[in-house]
Amino acid sequence: TYVNKMPMYIRLYGLKRRNSLLKILLAVGGWSMQSRGFNLATRTHENRTRFINNTLEFIREWNFDGVDLDWEFPGDQTRGADLNSKENFDLLITEFRKAINIEAELSGKRRLLITSAVAADPGKINAGYVVANLCEQLDYISVMTYDYHGGTWDENTGLNSPLYSRMVESEDLSP
């Protein structure tokens, strides 16, 4: 049908007609991007400013409610992160927050959201995030809890929010 040929982000706006409180964010990054794009975007003040301004322009043009920065993972050199990526990501978050606040004030439009998907692994957290500043600057933080179970490193799979302890293995829990 015609609707299925429309880009997903256009189809999502139909959901906003049903729930005006729904927020639709532009997600930037992800697993397959590794660190290439974020390294370049955060390496200098000029690059960060260009990235922020272009992103804000795109968000406003397409009527998104904000941006989700999904760098997997700053500080992880095995995934291509620069040596100073932790500091550069922190600068990006701080400068993005400031730009969002200024843009909202000058334009009179609603303030956009800035969120991030972050690692659950303590080693990745320490290597990649200035946690106190992240908590201060971001509107919302999504912890990637799928890392707790289910990867190739884990002999067991498990629910992230189990209803029963692992002691209940094969008991039939159906009604």
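Modeller: Let's begin with Phe-38, which counts as buried at 1% relative accessibility.

Biologist: Why is Phe-38 called buried?

Modeller: Buried means under 20% relative accessible area, while exposed is over 50% and partly exposed is in between, with a 1.4 Å probe and protein chains only. Phe-38 has 1%, so it counts as buried. Phe-89, at 1% too, is therefore buried.

Biologist: And what kind of model is this, before I go on?

Modeller: The model is predicted, so local features need pLDDT of at least 70 and side-chain atom pairs count only at pLDDT 80 or more, whereas totals for chains, interfaces and linings use all residues. Residues are numbered from 1 along each chain as its sequence is written, and side-chain values use heavy atoms, with hydrogens and water left out.

Biologist: How many aromatic pairs are there?

Modeller: Rings of Phe, Tyr and Trp (its six-membered ring) pair if their centres lie within 6.5 Å; planes under 30 degrees apart are stacked, over 60 edge-to-face, and the rest tilted. By that rule there are nine aromatic pairs. One of them joins Phe-38 and Phe-89, with 6.5 Å centre to centre and 85° between the planes, and is edge-to-face. Phe-38 sits in helix α3 (residues 36-42) and Phe-89 in helix α5, 51 residues apart, and the pair links distant parts of the chain.

Biologist: What makes the pair of Phe-51 and Phe-96 edge-to-face?

Modeller: Their ring centres are 6.1 Å apart and the planes stand at 90°, so the pair is edge-to-face. This pair also links distant parts of the chain: Phe-51 is in helix α4 (residues 45-61) and Phe-96 in helix α5, 45 residues apart.

Biologist: Is Phe-51 buried or exposed?

Modeller: Phe-51 has 17% relative accessibility, so it counts as buried. Phe-96 is buried as well, at 0%. Ring pairs link Phe-38, Phe-51, Trp-71, Phe-89, Phe-96 and Tyr-129 into a cluster.

Biologist: How do you know that Arg-79 lies over the face of Trp-31?

Modeller: A charge sits over a ring if NZ of Lys or CZ of Arg is within 6 Å of the ring centre and within 35 degrees of the ring normal. Arg-79 lies over the face of Trp-31 at 3.5 Å from the ring centre.

Biologist: What makes strands β2 and β3 a pair?

Modeller: Two strands pair if DSSP finds at least two bridges between them. Strand β2 (residues 66-70) and strand β3 (residues 113-118) pair in the parallel sense over four bridges. Gly-66, for example, has Leu-113 in β3 as its bridge partner.

How values were computed. Helices (H or I, at least four residues) and strands (E, at least two) are DSSP runs, numbered from the N terminus.
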